[in-house]
Amino acid sequence: MASVLRARPSLAIIDDYLRTSAPHFAHLPSKALRIATFTDTIVPTNDAEQARLIQRLQPFEIIASVRERTAFPGTLLHRLPNLKLLLATGTQFEQFNLPAARERGIIVAAAPGLGRTDGVGPRRPNIKQGGVHPTTQHTWALIMALARNIPADDAALKAGHPWHTRLATNLTGLTIGIVGLGRLGAAVARIAQLCWGMRVICWSENLTQAKADKWATDLGLPLKDPITGDPTFHAVDKAELFRAADVVSLHYVLSARSRGIVGADELAAMKSSALLVNTARGPLVDANALQAALERGAISGAAMDVFDIEPLPLDSPWRRKDYWGVEGRSRLIVTPHMGYADQVLLDTWYAETAENVERWLDGKEILHRLV
């Protein structure tokens, strides 16, 4: 590899908890690049941790990140004088201050998860050809785990209880409410409709019935239910969705306007038998309101894959183990932001990231550039 750089640059691969990146960078010669892999995350919740994060990242010209496990606000970017190339993954970059990167002359590029352009390495299954996005799969894993009471019964049996702790929820013919009918929300809705004949209602601030109909058409579904005559994806107002849904699944983009869109009023409107699942962004849900609702058993259960602070602090109330086993409390399932974290997608992201590192070393144009 003929590098155009005089000094050997260095790459920090951060937040790689399971060392998934290693095979994708193993072929890069050490004489061309120094690589350091960090398997823990520094969450800058105070000045000391902020200083520790800066000290860790300051030496590196290239940083490869995973989603938003580490945020890159302007306050951090301005403290990294050596940084030339910041490599992100996925399609959402709310935690990356792109204007600050542009001001500093830092190149920011994405790994969209389509595969390397040279055909080397893994490629993600084509969603349009029948593949199902990892987040869609995880959403349904959480819905089914709640509905069939799997975590509670598993824990009960291992604790010596002879039978199930409660009856399962049969999803057939129930109503699912999709908050945010985009690519992922529509995929979750399609499975609900095809597999269990669920009624689909949906809401977002700018959703119209025409837009909902287009999603149904794009997914090969009829525009109306042949029995009821209702739209297959029925756009409703927010109040009706929370009042009518048996399952509420969140797929909304986080912004200043959407923060806390599920609060005390929405939770109070839900059926006592309803389930809430969040695989989108933690701050969409008012954490205090949800914890209060769980404590008093206001809804049947909730599943959270995303949180305000990640990784979860050890003293986080989301880590409580007793929600399933205490009478009067709702069931709670928590997973560590697993919606995107499957083997194929992580391998694809790292393969694309490695390709951009190689291109940077060779002085070639960076792919999927954001800044």
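**A sheet and the helix across it**

Visitor: In β2, which residue is the bridge partner of Ala12?

Guide: This is a predicted model, in which local features need pLDDT of at least 70, side-chain atom pairs count only at pLDDT 80 or more, and totals for chains, interfaces and linings use all residues. Residues are numbered from 1 along each chain as its sequence is written, and side-chain values use heavy atoms, with hydrogens and water left out. Strand β1 covers residues 10-13 and runs parallel to β2, joined to it by 4 bridges. In β2, the bridge partner of Ala12 is Ala36.

Visitor: Which strands stand at the edges of the sheet?

Guide: Strands are DSSP runs of E with at least two residues, numbered from the N terminus, and two of them pair if DSSP finds at least two bridges between them. The open sheet has 5 strands with parallel pairing, in the order β2-β1-β3-β4-β5. Each edge strand has a single partner, so one side of it is left without a neighbour in the sheet, and these strands are β2 (34-37) and β5 (107-109).

Visitor: At about what angle does helix α12 run to β4?

Guide: Angles run from 0 to 180 degrees between N-to-C directions, with axes fitted to C-alpha atoms, for helices over the stretch in contact, where contact means heavy atoms within 4.5 Å. Helix α12 (residues 343-361), a DSSP run of H or I with at least four residues, lies across β1, β3, β4 and β5. Its angle to β4 is about 165°.

Visitor: How many of the 19 residues of α12 are buried?

Guide: Buried means under 20% relative accessible area, with a 1.4 Å probe and protein chains only. The helix is mostly covered, and of its 19 residues the number buried is 16.

Notes. Buried means under 20% relative accessible area, exposed over 50%, partly exposed in between (1.4 Å probe, protein chains only).
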